[in-house]
Amino acid sequence: MTRYHSVSGGAGSWLAAKVDMAAHPYEDHRFIFADTLYEDADCYRFLIEGLAYLLGRAAIVPSVEDFPDYRVSGDFSIETYNGNPEWREFLAYLRRQTAASIPELTWLVEGRDPWEIFRDKRFLGNSRIDPCSLLAKRELIDAWRDLNADKTTDVICVGIGPDEAHRYNRLAARHAKKGWTYEAPLIGTTEGEFGPFGYLANAGIERPRLYRMNYMHNNCGGFCIKAGHAHYQNRLRKQPDRYAYDEMMERKLSDFLGKDISILSSRIGGDVKQPLTLADFRRRNEEKPELDFEYTPGSSGCGCAIDYEEAA
Ligand code: SF4
């Protein structure tokens, strides 16, 4: 029997694995990570450092400074875009290096980042329909699981906490229909109530830097198709250069598709949702710097490696 942990590079799935390993010390524990090739450099650092800690294993942990830039510099066409080759080569090297010291980690790569998927599907996702995570995470993980795990004996653990138990119930029911057992080790535990950051501090592991910049999740380097105004306002304030890159990619995709598309929307001036490009949202914020958006449930993205319910 193997207990597989779906790890996203986020603090919640790390703590869930920690709790589960303590509860089942004599069982085989393995880890599945679906890489969008668009994660923050510090997400990869945290993934490796966090798993090495849980396994009591020495591993080479990269620092943020080791990584090339994920962005493509200069002018380029989105038609032929396939990420920054230097960044992707480094990630391939990191996968090989990590496999040598943490063979329990299955590091899955679909091969396209979210922008490539939006381009290829000719559709910019949204908060309900997310082709990026459907293809680069959920279907990838499910296909790997179907080939490599045993539904009669194995368990898949996810990092959902007690405040989102409804998500776990839907998820478990969905996979149970196909005979799979999913568990959420944090639900019903003290650790789940306290949350991961204190446990990370006790372990001497620095929390991923996106959390330190007020992001609510550690996915896709702080970019997210499902995120809302509060998320992008925070990104504009904390990482204006990365916001500018998102803005440029949104514009390139819009030009490529030949229609007005936007991650955000606005209801200003009426009840009907209007597209709100990242360029317009930035200008709004520049004109009214006193504007403050608050995170509301669901406004930050993203449990997108596991949430099928709202996907296409
Ligand atoms: S974090 Fe957002 S953009 Fe990235 S794969 Fe998930 S839904 Fe898509």
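Predicted model: local features only at pLDDT ≥ 70, side-chain atom pairs only at ≥ 80, totals over all residues.
Guide: Residues are numbered from 1 along each chain as its sequence is written, and side-chain values use heavy atoms, with hydrogens and water left out.

Visitor: Why are α1 and α2 called roughly parallel?

Guide: The axes of helix α1 (residues 11–23) and α2 cross at roughly 10° and come within 11 Å. Angles under 35 degrees count as roughly parallel, and α1 and α2 are therefore roughly parallel to each other.

Visitor: Which residues make that contact?

Guide: Contact means heavy atoms within 4.5 Å. Ala 11, Trp 14, Ala 17, Lys 18 and Met 21 of α1 take part, together with Phe 46, Gly 50, Tyr 53, Leu 54 and Leu 55 of α2. Ala, Val, Leu, Ile, Met, Phe, Trp, Tyr, Cys and Pro count as nonpolar, Asp, Glu, Lys and Arg as charged, and the others, Gly among them, as polar. The contact of α1 with α2 accordingly has eight nonpolar, one polar and one charged.

Visitor: What makes α2 roughly parallel to α3?

Guide: The axes of helix α2 (residues 41–55) and helix α3 (residues 85–101) cross at roughly 5° and come within 12 Å. That angle makes α2 roughly parallel to α3. Ala 41, Tyr 44 and Ile 48 in α2 meet Trp 87, Leu 91, Leu 94 and Thr 98 in α3. By class, this contact of α2 with α3 has six nonpolar, one polar and no charged residues.

Visitor: How do you know that α4 is roughly parallel to α11?

Guide: Helix α4 (residues 114–121) and helix α11 (residues 240–257) pack at an angle of about 15°, their axes being 10 Å apart. That angle makes α4 roughly parallel to α11. On the α4 side the contact is made by Trp 115, Phe 118 and Arg 119, and on the α11 side by Asp 246, Met 249, Glu 250, Leu 253 and Phe 256. These residues divide into five nonpolar, no polar and three charged.

Visitor: What lines the second largest pocket?

Guide: Its lining has 25 residues, of which Ser 127, Ile 263, Leu 264, Ser 265 and Lys 273 lie nearest the centre. β6 (264–266) and β7 (274–276) each supply at least two lining residues, and the largest share, three residues, comes from β6. By class, the lining of this pocket has nine nonpolar, nine polar and seven charged residues.

Notes:
Axes fitted to C-alpha atoms, helices over the stretch in contact; angles between N-to-C directions. Helix = DSSP H or I, 4+ residues; strand = E, 2+ residues; numbered from the N terminus. Parallel < 35°, antiparallel > 145°, perpendicular 65-115°, else oblique. 1 Å grid on protein atoms, 1.4 Å probe; cavity = no way out; pocket = protein on both sides within 12 Å on 5 of 7 lines; lining within 4 Å.
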